[in-house]
Amino acid sequence: MAKGPAFFGDIGKQTKDLLTKDFTTEQKVTINSTTSTGLVLSSTGTKKGEAALAEVKACYKKNNLQTEWKIDSASKIHTTTTVNDLAPGLKAIIKGTIPDSQSGKFDIEYVRGLVGLKGSIGLKQSPVAEGSIAIGKDGVLVGGEGAYDTNKGEVTKYTAGVQYSQKDFSAAAILADKGNKLTASYYHSVNVDTAVGVEVAHKFDDNANTFTAGTAYRLDPLTLTKMRLDNHGKLAALIQHEWRPKNTFTVSSEVDTKAMEKSAKVGLALNIVP
């Protein structure tokens with residue numbers, strides 16, 4: 001990942017995915033389909049606590065142009081238009097939400113050679129401008145990101161990070177929250193079926209520390225299990241089975257080991273591709 005061009009968001013991504021991806025306490029069903037014309041349709045229903053949410057998404061791609069429309073249960077329409085290959089390695093993206101006239105954003109992505117760049121600016125008066133850069137070579141990836149609020153006239157975010165990766169492991173460090181939070185992470189692929197990850201975070205303003213460790217183990221080519229535990233006593237586990245290509249069923253649970261009298265949180269996720 002860091003041996004060629006990559007983006008700043010790739011720093012620490014392997015560990016973050018191991019510790020967070022597919023863990024859920026919601027009940028979620030997603031049904032995907034593709035028409036003969038290439039239109040990809042996706043319908044998702046989610047139950048989160050007492051709230052029931054739904055969204056329908058349509059995506060169409062032709063040549064270097066891709067459009068995506070999403071309608072949610074609040075009757076908002078989210079649109080994304082992507083133009084790929086404007087120039088070698090350059091992509092432009094326009095996003096917006098109807099009827100929110102202040103939600104428009106223009107993004108660019110550029111990845112070529114050793115460099116990955118991203119930029120974003122709101123399509124409104126006095127927008128927030130964001131940008132990131134990453135440079136990768138020989139397993140080393142370094143970069144930073146920041147945001148500037150033109151209305152306030154001040155920098156609202158700056159982050160720096162570095163990662164070193166080889167075939168079976170990666171180690172990363174990120175200084176975020178304007179220098180207030182330092183996160184270090186390590187990912188190790190023990191073998192083709194097993195991986196482990198550790199993340200340690202320290203906040204300088206209140207001297208608070210968070211430690212999270214997790215593991216992923218593939219029971220067979222179609223079944224994945226994951227587990228994580230943090231220093232606050234939150235233990236989470238999941239099992240995910242792919243009964244046919246791209247069709248998965250995931251059961252996830254989280255329990256507070258310091259308050260065992262409380263009920264465990266259970267999440268279910270079903271992804272269907274006809």
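Student: Leaving aside its neighbours within four places in sequence, which residues is T79 in contact with?
Tutor: Happy to walk through this predicted model with you. T79 sits in strand β5, which spans residues 77–87. Once the neighbours within four places in sequence are set aside, the contacts of T79 are E68, W69, I94, K95 and G96.

Student: Is T79 buried or exposed?
Tutor: Good one to check on the structure above. The cut-off for buried is under 20% relative accessible area. T79 has a relative accessible area of 18%, so T79 is buried.

Student: How far apart in space are T79 and G104?
Tutor: Along the sequence, T79 and G104 are 25 residues apart. Taken C-alpha to C-alpha, their separation in space is 9.4 Å.

Student: Which strands are included in what covers the buried residues of α1?
Tutor: Let's start with the helix itself. In α1, residues 13–20, the buried residues are T15, L18 and L19. Because they span an arc of only 90 degrees around the axis, they lie on the same side of α1. Their cover includes β13 (181–189), β14 (194–203), β15 (208–220) and β16 (223–230).

Student: Which residue with a positive phi follows α1?
Tutor: Look just past the helix. The phi there is near 75 degrees, and the residue is D22.

Student: Which elements give two or more residues to the nonpolar patch?
Tutor: The patch covers about 590 Å² of surface and is made by L114, L117, I133, I135, V140, V142, V162 and Y164. One of these, V142, lies in strand β10 and counts as partly exposed at 36% relative accessibility. The elements giving two or more residues are β9 (128–137), β10 (140–149) and β11 (154–166).

Terms used. Residues are numbered from 1 along each chain as its sequence is written. This is a predicted model: local features need pLDDT of at least 70, side-chain atom pairs count only at pLDDT 80 or more; totals for chains, interfaces and linings use all residues. Side-chain values use heavy atoms; hydrogens and water are left out. Buried means under 20% relative accessible area, exposed over 50%, partly exposed in between (1.4 Å probe, protein chains only). Helices (H or I, at least four residues) and strands (E, at least two) are DSSP runs, numbered from the N terminus. The arc is that of the directions from the helix axis to the C-beta atoms. Contact means heavy atoms within 4.5 Å. Patches are made of residues with over 30% relative accessible area and no salt bridge: like charges are joined within 9 Å, nonpolar side chains (Val, Leu, Ile, Met, Phe, Trp, Tyr) within 5 Å. Accessible areas come from the Shrake-Rupley method with a 1.4 Å probe; for residues, only the protein chains shown count as cover. A salt bridge is a side-chain nitrogen of Lys or Arg within 4 Å of a carboxyl oxygen of Asp or Glu.
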